[in-house]
Amino acid sequence: MSVPSQMKCLVKETEKEGYDLVTRPVPKAGPGDVIIKIDKVSICGSDINLWKWNDVAKVIATIPFIPGHEATGVVAAAGEGVTELRAGQRVAVENHFYCGSCYLCKEARGDICQRMDQYGHGRGTDQGGCCQFSRVPARFCYALTRDLTPDQAVLLEPMGVAHNAVDSIDVKGEDVLVLGCGPVGLFAVAVARALGARAVYGVDVSPARLELAKQMGATRVINSAKEDIMSTLMSLTDNNGVGRIVEASGAATLLNQSFSWLRKGGQMVLIGIPKGPLHVENVLTDVVFKSLTLKTVHGRRIFHTWQECERLLADGLVDAAPVISHRLPMSQFEHAFHELINGAACKIILDPQN
Ligand SMILES: [Zn+2]
Ligand SMILES: [Zn+2]
């Protein structure tokens with residue numbers, strides 16, 4: 001593959017809202033790096049913070065950076081010492097750039113590395129996926145083994161968050177409540193079904209998102225703006241409460257009530273980003289006496305989650321298509337972010353080569 005000397009990319013170089021579309025030199029591969037020709041980059045809900053450069057962004061990102069932590073493409077060049085990848089290999093990027101030497105990395109838990117850098121966030125790298133060619137250390141590349149489309153491959157990252165969460169609780173034969181039907185919640189619905197959940201209930205306030213939840217395999221959807229979640233769940237579960245909860249809404253009010261919906265001996269996993277403190281009113285009856293399990297996850301198990309998600313997509317056990325609301329050339333990035341911020345979009349996939 002011939003690699004040009006210049007490329008288009010989005011950048012944020014000062015503390016202001018938005019990104020600039022600029023022309024920059026294509027990066028060179030250092031030792032251990034590959035240069036990826038980016039086919040697709042998708043926008044995450046968390047990217048809204050980085051776009052706006054709000055208080056959350058100042059915690060999770062560092063200027064300057066090329067945005068986009070969900071990216072896939074083809075290896076265009078490999079640096080010195082790279083043996084596991086060669087030009088032409090299709091890859092997707094694991095954006096948790098683990099250090100490799102902290103306590104957790106030594107325990108093979110790079111996903112929750114204590115000194116984690118992050119691709120697309122300016123953390124330890126200025127690189128991200130919103131560009132035509134990106135420099136990534138080879139060890140953070142997941143080499144695709146199945147024949148996924150670029151749209152499927154770019155969604156391995158957000159689907160992986162959902163898979164990691166659902167996989168951390170036992171859903172086989174269980175009824176599962178998914179709070180929040182954004183992209184990650186929608187993937188949680190589909191993965192829970194694929195992993196053998198008996199019933200999956202999707203909760204959201206948006207009729208459009210609840211419709212998508214049905215397409216992803218929800219057996220029942222609950223519009224929390226119209227229906228009382230507690231009484232609906234109790235009638236669905238013979239007054240036992242629901243066995244498993246996946247919290248993907250980030251709505252503190254939902255999260256704080258959700259302990260009362262959980263069955264005794266139930267399991268809950270948190271993946272949403274709550275904008276308020278966790279507060280449980282009746283700790284004794286809703287938590288202590290329930291003998292429950294609370295799990296949290298951050299990102300994907302490297303690379304177990306990737307292999308599992310690739311298999312689910314390639315074997316047709318999960319269909320990612322309903323989650324994608326927009327496919328746009330990267331040059332329309334401003335339109336893309338406005339659609340995402342005003343709630344008109346679900347998952348937006350950008351093509352940096354156009
Ligand atoms: Zn993401
Ligand atoms: Zn580490």
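The protein chain is divided into domain 1 (6-155 + 320-351) and domain 2 (161-296). This is a predicted model. The centres of the two domains, taken over C-alpha atoms, are separated by 29 Å.

**Where the domains touch**

- Five residues of domain 1 and seven residues of domain 2 make up the contact.
- On the domain 1 side, the contact has three nonpolar residues, one polar residue and one charged residue.

**The nonpolar core**

- The largest nonpolar core holds 109 residues.
- Which members touch the most others? They are Val-178, Ala-188, Val-191 and Val-246.
- Helix α6 (residues 183-194) gives the most to this core, with nine residues.
- In soluble globular proteins, nonpolar side chains tend to be buried together.
- Look at Val-246 and set aside its neighbours within four places in sequence. Val-246 is then in contact with Ala-165, Val-166, Val-176, Val-178, Leu-179, Ala-188, Val-269 and Ile-271.

**Helices α5 and α11**

- Helix α5 covers residues 156-167, and helix α11 covers residues 304-314.
- The two helices pack at an angle of about 105°, and their axes are 9 Å apart.
- Angles of 65 to 115 degrees count as roughly perpendicular, so α5 is roughly perpendicular to α11.
- From α5, the contact uses Leu-156, Met-159, Gly-160, His-163 and Asn-164. From α11, it uses Thr-305, Trp-306, Glu-308, Cys-309 and Glu-310.
- By class, the residues of this contact are four nonpolar, four polar and two charged.
- An α-helix has 3.6 residues a turn, so residues three or four places apart point the same way.
- Is α5 mostly covered or mostly open? It is mostly covered, with twelve of its twelve residues buried.
- The buried residues of α5 include Glu-157, Pro-158, Val-161, Ala-162 and Asp-167.
- In α11, the buried residues are Thr-305, Trp-306, Glu-308, Cys-309, Glu-310, Leu-312 and Leu-313.
- These buried residues of α11 pack against β9 (141-143), α4 (150-154), α5 and α6.
- Gly-316 follows α11, and its phi is positive, near 75°.

- Glu-247 has its place in strand β13 (residues 242-247).
- Is Glu-247 buried or exposed? Glu-247 has 25 C-beta neighbours inside 10 Å, so it counts as buried. The cut-off for buried is 20 or more.
- Leaving aside neighbours within four places in sequence, Glu-247 is in contact with Leu-179, Leu-255, Ser-258, Met-268, Val-269, Leu-270, Ile-271 and Gly-272.
- Glu-247 and Val-34 are 213 residues apart along the chain, and their C-alpha atoms are separated by 36 Å.
- Ile-273 lies in the loop between β14 (262-270) and α10 (283-286).
- Ile-273 counts as partly exposed because it has 13 C-beta neighbours inside 10 Å.
- Ile-273 and Ala-252 are 21 residues apart along the chain, and 8.7 Å separate their C-alpha atoms.

**Cis peptide bonds**

- A cis peptide bond joins Ile-63 and Pro-64, with omega about 5°. Pro-64 is found in the loop between α2 (55-60) and β4 (70-78).
- The peptide bond from Ile-302 to Phe-303 is also cis, with omega near 0°. Phe-303 is in the loop between β15 (293-296) and α11.

- Trp-53 is a residue other than glycine with a positive phi, near 55°. Trp-53 is found in the loop between α1 (47-52) and α2.
- Trp-53 has 17 other C-beta atoms within 10 Å, so Trp-53 is partly exposed.
- Asn-239 also has a positive phi, near 65°, and is a residue other than glycine. Asn-239 has its place in the loop between α8 (229-236) and β13.
- Why does Asn-239 count as exposed? It has 9 C-beta neighbours inside 10 Å, and 12 or fewer means exposed.

Technical notes:
Residues numbered from 1 in each chain as written. Chains lettered and ligands numbered in written order. Predicted model: local features only at pLDDT ≥ 70, side-chain atom pairs only at ≥ 80, totals over all residues. Axes fitted to C-alpha atoms, helices over the stretch in contact; angles between N-to-C directions. Helix = DSSP H or I, 4+ residues; strand = E, 2+ residues; numbered from the N terminus. Parallel < 35°, antiparallel > 145°, perpendicular 65-115°, else oblique. Contact = placed C-beta atoms within 7 Å. Nonpolar A, V, L, I, M, F, W, Y, C, P; charged D, E, K, R; others polar. Core = buried A, V, L, I, M, F, W, Y, C linked by C-beta atoms within 7 Å. Domains from an automatic or database assignment.
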